[in-house]
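Look at the fold below and follow its helices. Then read on.

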Amino acid sequence: MKKIYAWEPWFFIFFGLFHLHRIWALINRESYASFWLGLMENKGLPYYLIMGLLAVLCIIGIATFFRERKHNYWWRWVYICGGCYLLFDLFAIAIGMEFWHRLLLFMFDTNSYYWNVIWIAFILLGGFVFVLGVKLLVKYNNWKQ
């Protein structure tokens with residue numbers, strides 16, 4: 001039987017908000033790029049807290065996908081696709097993979113012709129994931145009653 005776990009809507013709402021914060025990149029390129037590049041290069045406590053939380057959520061999502069493999073909803077594929085991407089991203093940053101570092105520097109280049117395209121894509125993804133989370137929360141609350 002298909003089941004929505006109580007934490008799943010909040011997973012999507014959290015990741016949606018995390019992606020939606022990138023609206024800041026459209027408002028102030030320099031401060032946004034400076035904040036995230038500084039966070040990634042300094043790797044202090046805030047970096048490890050944010051990245052640790054993101055990694056744990058991805059691992060929980062991936063485990064849920066496999067645990068419910070016979071009863072999955074379509075949206076649980078986000079756990080596999082998004083979770084594996086994010087875990088790779090965190091791993092590549094952690095080990096200092098040169099190719100990935102150059103890609104991040106390109107993404108955070110405030111003079112880039114593609115700046116708006118990159119960050120609007122992440123914002124649209126965040127909006128989709130946030131709305132999905134809200135819909136799952138409504139569905140879960142109706143199903144629970």
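The model is predicted: local features need pLDDT of at least 70, side-chain atom pairs count only at pLDDT 80 or more, and totals for chains, interfaces and linings use all residues. Residues are numbered from 1 along each chain as its sequence is written, and side-chain values use heavy atoms, leaving out hydrogens and water.

**R22**

R22 sits in the loop between helix 1 (8-20) and helix 2 (23-27). Helices here are DSSP runs (H or I) of at least four residues. R22 is buried, meaning under 20% relative accessible area with a 1.4 Å probe, protein chains only. R22 has no salt bridge, which would need a Lys or Arg side-chain nitrogen within 4 Å of a carboxyl oxygen of Asp or Glu. The nearest side chain of opposite charge, D89, is 6.9 Å away.

R22 does make side-chain polar contacts (pairs of N or O atoms within 3.5 Å, one able to donate a hydrogen and the other to accept it):

| Pair | Polar contact |
|---|---|
| R22 and H19 | 2.4 Å |
| R22 and Y32 | 3.2 Å |

Beyond four places in sequence, R22 is in contact (heavy atoms within 4.5 Å) with Y32, W119, F122 and I123.

**The core**

The largest nonpolar core has 40 residues. Such a core joins buried Ala, Val, Leu, Ile, Met, Phe, Trp, Tyr and Cys through side-chain atoms within 4.5 Å. W75 and W119 are among the residues with the most contacts inside this core.

**Helix 4**

Helix 4 has 23 residues and reaches 32 Å from first C-alpha to last. Its buried residues include Y47, M51 and F65. Helix 1, helix 3 and helix 5 are among what covers the buried residues of helix 4.

Methods:
Helices (H or I, at least four residues) and strands (E, at least two) are DSSP runs, numbered from the N terminus. Buried means under 20% relative accessible area, exposed over 50%, partly exposed in between (1.4 Å probe, protein chains only). Lys and Arg count as positive and Asp and Glu as negative; His and the chain ends are not counted. The expected span of a helix is 1.5 Å times one less than its number of residues.
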